[in-house]
Amino acid sequence: MIQINKDKFQALVRKELRLYFNSPIAYIFLVVFLLLSSWLFFRTFFLIGQTEMRGFFGILPWIFLFLIPSLTMRLWSEEYRQGTVETLLTSSVSVEEAVLGKAAGSFIFLALALLLTFPVAISLSFVGNLDWGVVLTAYFGALLLGMAYISLGLFISSLTRNQIVAFIVSVLVLFAFLILGDGIVTAFLPNWLGSLCKTLSLGTHYNSILRGVIDTRDFIFYLSFIVLFLLLNVQTLKTRR
Amino acid sequence: MITVKNLQKNYGPLRALDNVDFEVQQGEILALLGPNGAGKTTAMKIITGFLKSDAGSVEIDGELLEEKSLLRLQNKIGYLPENAPLYPELNVWEHLDFMASVHGIAKEDREKAIREAAKTCGLMEKLYADVSELSKGYKQRLGLAQALIHDPEILILDEPTTGLDPNQIIEIRKFITSLGKKKTIILSTHIMQEVEAIADRVVVINKGRLVGEGTPESLGGQDSVHCTRITIKGCPKKTERHLKKIKNVDRIEHRPSKEKGVIEVSVFTTEDMRSDIVKALALAELELLEIISEKQTMEDIFQKLTQK
Ligand SMILES: Nc1ncnc2c1ncn2[C@@H]1O[C@H](COP(=O)(O)OP(=O)(O)OP(=O)(O)O)[C@@H](O)[C@H]1O
Ligand SMILES: [Mg+2]
């Protein structure tokens, strides 16, 4: 059974957030993300004249595809390159606590980024008729999707000392998981394999959530995806000993 | 107390540690001495539980270091890794606060612990400085302060004085010596003076193997060659002839000195023959200007042990 010490976990999360906010990365990330997202919001609004956020949420997996690996690439690579991993993993925190601390830190950061897009949603709701049910569900889906990206990016970062390598590999693997369920891919596959691809695809489940209902299958898929890569992460750190 | 038994570690085909045994008592300072790549850092990483050994065991206070005792035992250890790795994004306070928290120091006691560690390591005036702005010496101090923050009974210090200026080196050594009265300390170094200055005991490692062990003094005593260096006014040939008559003489070397008519002679004997040498010279009416019994330096011992 994994035991997590609350104080240590908090300290780990606090440290991760400090690493984000004491460096320019956090602010660059937030600015880029907010610029892109507001532009996408208002583009749909002015061009189509519709008060809905489909355009934004639809393209979010692609924005995340580059932005999230840029957050996660350094999480373990830099600890190994700088040697700080030695102090970290000998300071009587467990490997599980260390992995969860990093995952939680990044999750909080992601949640904050999404929260900052909220004012735009609110202003849209003033000019027209925004379906809040659909929007909130989509936000929830975006959080799940983002956390899945984080979990995978974090794992890949634990495989190399080189953060650029971690970035590129993360983008490639996430890209594969994203388009796995696309018609273009599944059309060439036998039926059973095609539906397996759909089940394993990050994109398919996200699109299903965007329709406005959260199916437990989608939720369970993301949860398993996240847990799987966190566990793999714990395992790689333990075998690197 | 730390007991290391038959430690073995391979990095792929390379055997970094091969059957290394040693022990450190409480209140003792042990120096791991060895050339680059000897395996000192590897041994320390294993003792702190960062690396797993391929064979052998580490016991801390009689308890085996293993998965289930790891976190508890790690809390007894303060570790300064090689080159004092730090997070460039954090400042000194944030660093110490982080280390205090993960070591389980309660919130209300943290500030006191941080100030105490900062004070002992001379960091008070840099308490809010960013790590990226610290000089190498201050980084080393912060690394040391981090290792001390939870007042551990064991300290593992990997080259604690590298990068410090001579004043700081003396200060840190004094500090380690004072800590060593109560704590169990293992430090690694390739500086001989450091061993002589602070270590109670030395373990010499070369290519992953233990090649010597003892007090800094006894390591020298393992050898039975005595060298007496004398400075004489007189003829080299005559001097050599008379010196050769003395018992236990192994070898004589002489060279001219800067002064005219003066020679320096090294007499290698298997026992201390100083008084016989003085008598022989007096008998031969050779003028003795200076006599020095040359002790073997740590450098000599180090070379001898590690160049086999
Ligand atoms: N992660 C690693 N992977 C492969 N080989 C390694 C690794 N770490 C160390 N080694 C090798 O193991 C040997 C022992 O290294 P170690 O760092 O323990 O030596 P050291 O005594 O601390 O040397 P130094 O005085 O230079 O710090 C060296 O030959 C080194 O190249
Ligand atoms: Mg070393």
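Close-up 1. B:Asp18 counts as buried, because its relative accessibility is 13% and the limit for buried is under 20%. In this predicted model, B:Asp18 forms a salt bridge with B:Arg15. The closest N and O atoms of the two residues are 3.8 Å apart. B:Arg15 has a relative accessibility of 40% and is therefore classed as partly exposed.

**Close-up 2. The magnesium ion (ligand 2) and its protein donors in chain B.** Two residues coordinate the ion: B:Thr41 through OG1 and B:Glu82 through OE, at 1.9 to 2.5 Å. These residues come from distant parts of the chain, 41 residues apart. B:Thr41 belongs to helix α1 (residues 40-47) of chain B, whereas B:Glu82 sits in the loop between β6 (77-80) and α3 (92-102). B:Thr41 is buried, with 16% relative accessibility. B:Glu82, at 32% relative accessibility, is partly exposed.

Close-up 3. The closest N and O atoms of A:Arg18 and B:Asp97 are 3.6 Å apart. A:Arg18 is partly exposed, its relative accessible area being 23%. B:Asp97 is buried, at 11% relative accessibility. Both residues also take part in a network of salt bridges that links A:Arg14, A:Arg18, B:Glu94 and B:Asp97.

**Close-up 4. A salt bridge between two strands of chain B, formed by B:Lys5 and B:Glu59.** In this pair the closest N and O atoms are 3.9 Å apart. B:Lys5 is in strand β1 (residues 2-11) and B:Glu59 in strand β4 (residues 55-60), so the bridge, by the way strands are assigned, links distant parts of the chain, 54 residues apart. Each of the two residues is partly exposed: B:Lys5 at 38% relative accessibility and B:Glu59 at 23%. Over all chains, the count of salt bridges comes to 27. Among them are the B:Lys5 to B:Glu59 pair shown here, the A:Arg18 to B:Asp97 pair and the B:Asp18 to B:Arg15 pair.

Technical notes: Residues are numbered from 1 along each chain as its sequence is written. Chains are lettered from A and ligands numbered from 1 in the order in which they are written. This is a predicted model: local features need pLDDT of at least 70, side-chain atom pairs count only at pLDDT 80 or more; totals for chains, interfaces and linings use all residues. Side-chain values use heavy atoms; hydrogens and water are left out. Donors are N, O and S atoms within 2.8 Å of the metal (3.2 Å for Na, K and Ca); water is not among the atoms, so sites may look incomplete. Helices (H or I, at least four residues) and strands (E, at least two) are DSSP runs, numbered from the N terminus. Buried means under 20% relative accessible area, exposed over 50%, partly exposed in between (1.4 Å probe, protein chains only). A salt bridge is a side-chain nitrogen of Lys or Arg within 4 Å of a carboxyl oxygen of Asp or Glu.
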